[in-house]
Amino acid sequence: GDDMDEATWKDEFSLLCSDNGADPSKGISVQLLEKLVSDKGDGGCYCDDDELRAIKGALELEVKEKAMKASVHSAERLALVRDMFWALDRDGDGCLNEQELRRFAEHLGFKGDEAEWSGEYKAICGRES
């Protein structure tokens with residue numbers, strides 16, 4: 001579980017590997033994982049299909065979050081966002097007004113009229129942190 005410390009997990013992993021003829025330094029194969037998640041006995045780690053889907057989903061989310069954090073903080077992305085900002089900031093005042101930000105929204109697919117955009121703009125600005 002989540003409450004297992006690193007040393008305890010290392011011991012558990014070594015035992016799991018040795019019980020199943022795997023080398024702890026190399027890890028376990030996909031075949032061994034398939035055997036473990038299908039084994040309802042004491043030596044297994046049985047998971048039903050719903051549990052496997054939930055674990056897969058959580059792992060995919062972790063990967064996506066890590067990728068997003070990495071891309072959000074890259075120097076290249078930051079430069080790209082700043083270049084786009086200054087291209088949108090027609091009056092050069094360092095802030096995007098309602099009309100300047102609408103150009104960006106239209107690139108993302110916004111098709112509303114002036115009144116709809118005004119409402120969207122106010123909603124966006126109200127969320128600003």
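R102 and E106 form a salt bridge, with 2.9 Å between the closest N and O atoms. A salt bridge here is a side-chain nitrogen of Lys or Arg within 4 Å of a carboxyl oxygen of Asp or Glu. The model is predicted: local features need pLDDT of at least 70, side-chain atom pairs count only at pLDDT 80 or more, and totals for chains, interfaces and linings use all residues. Residues are numbered from 1 along each chain as its sequence is written, and side-chain values use heavy atoms, with hydrogens and water left out.

Both R102 and E106 belong to helix α5 (residues 98–107). They sit four residues apart, about one turn of the helix. Helices are DSSP runs of H or I, at least four residues long, numbered from the N terminus. R102 is buried, at 10% relative accessibility. E106 is partly exposed, at 39%. Buried means under 20% relative accessible area, exposed over 50%, and partly exposed in between (1.4 Å probe, protein chains only).

R102 also forms a salt bridge with E114. Here the closest N and O atoms are 2.8 Å apart. This pair links distant parts of the chain, twelve residues apart: R102 lies in helix α5 and E114 in helix α6 (residues 114–127). E114 is partly exposed, with a relative accessibility of 46%. Through shared partners, salt bridges join R102, E106 and E114 into one network.

The structure holds four salt bridges. Among them is the pair E60 and K56, whose closest N and O atoms are 3.3 Å apart. E60 and K56 are separated by about one helical turn because they are four residues apart in helix α3 (residues 49–72). E60 is partly exposed, at 38% relative accessibility.

How values were computed. Helix = DSSP H or I, 4+ residues; strand = E, 2+ residues; numbered from the N terminus.
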